[in-house]
Amino acid sequence: LAGRDFRQEDTIIRIGDVEIGGGQMQVFAGPCAVESWEQLMESAEAVKAAGARFLRGGAYKPRSSPYSFQGLEEAGLKMLARARELTGLLVVTEVIDPGSIERVAYYSDVLQVGARNMQNFFLLRELSKINKPILLKRGLSATIEEWLMAAEYLMAGGNYDVILCERGIRTFETYTRNTLDLSAIPAVKQLSHLPVIIDPSHATGKWQMVRPMARAAVAAGCDGLMIEVHPNPTEALCDGPQSLTPENFGALMNELRAIAEVV
Ligand code: PEP
Ligand code: MN
């Protein structure tokens, strides 16, 4: 179902008047984690001012260490929904277990499956039954075929609205957090009709590298970007070193508009 031979024309996912795939570039931006109402609203205002349509923010955080900040959970979801009401931005947030799918879907527009859960087939099966788009991140060490097979799980159960997100893969290089596989864009475009977006924030782990890699991704023909933005990156509870300030994010959006049609 995810393959180009099954469907020749590009999939376009529609949420109200917003389209993902099919020529326009969508930007999903916001903090790694929802930390407080003030932090979320400052981020949302920055995202909106720069012209992006989607606010990202984790309420359930799948952290590598059990001692790291795990997210505000339902209180965070409620803040996201309130920020959506006040700004008109659409909301994408991560779901980490089958038990909270209904709750996360109630408060958001797009549900994110994180890299660590890409092959959580039980979670994917449950998500295949809902009627909201799924943003499926590529696993830390997943091949493109394994990633497309994870999308297939969602589609086989009836959810065709899948956005693929490349967020860097594990290699021998340690200078960057991961290695951004830009070649995933033309590869996915050839193999599949699904939209593919790039997350240069998690791919590089360094805010200084986010703008150049975002420009390269847009030049390579991706359908969108996921960018971490924080009003005060040095004080972020999660992923501060890779987060752009509102000012840098605005500058990036302007740079991108010189390369492609960005909404
Ligand atoms: C995130 O988007 O904040 C996140 C946890 O990403 P990933 O699953 O790609 O590590
Ligand atoms: Mn993050």
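Colleague: What is the mean pLDDT of the chain?

Modeller: The model is predicted, and the predictor gives the complex an ipTM of 0.99 and a pTM of 0.98. Within the chain, 100% of the residues reach a pLDDT of 70 or more. The mean pLDDT of the chain is 97.

Colleague: How many strands form the closed barrel?

Modeller: The barrel runs β3-β4-β5-β6-β7-β8-β9-β10, with parallel pairing. Neighbouring strands of this sheet are turned by 25° against each other on average, direction ignored. The number of strands in the closed barrel is eight.

Colleague: What is the bridge partner of Ala-29 in β4?

Modeller: Strand β3 covers residues 26–30 and strand β4 covers residues 54–56. These two strands pair in the parallel sense over two bridges. In β4, the partner of Ala-29 is Leu-55.

Colleague: Which strands does helix α2 touch?

Modeller: Helix α1 (residues 37–49) packs on the sheet against β3 and β4, its direction making about 155° with that of β3. Helix α2 (residues 74–87) also packs on the sheet, and its direction makes about 165° with that of β5 (90–94). The strands that helix α2 touches are β4 and β5.

Technical notes
Residues numbered from 1 in each chain as written. Chains lettered and ligands numbered in written order. Predicted model: local features only at pLDDT ≥ 70, side-chain atom pairs only at ≥ 80, totals over all residues. pLDDT = per-residue confidence, 0-100. Pairing = 2+ DSSP bridges. Helix = DSSP H or I, 4+ residues; strand = E, 2+ residues; numbered from the N terminus. Axes fitted to C-alpha atoms, helices over the stretch in contact; angles between N-to-C directions. Contact = placed C-beta atoms within 7 Å.
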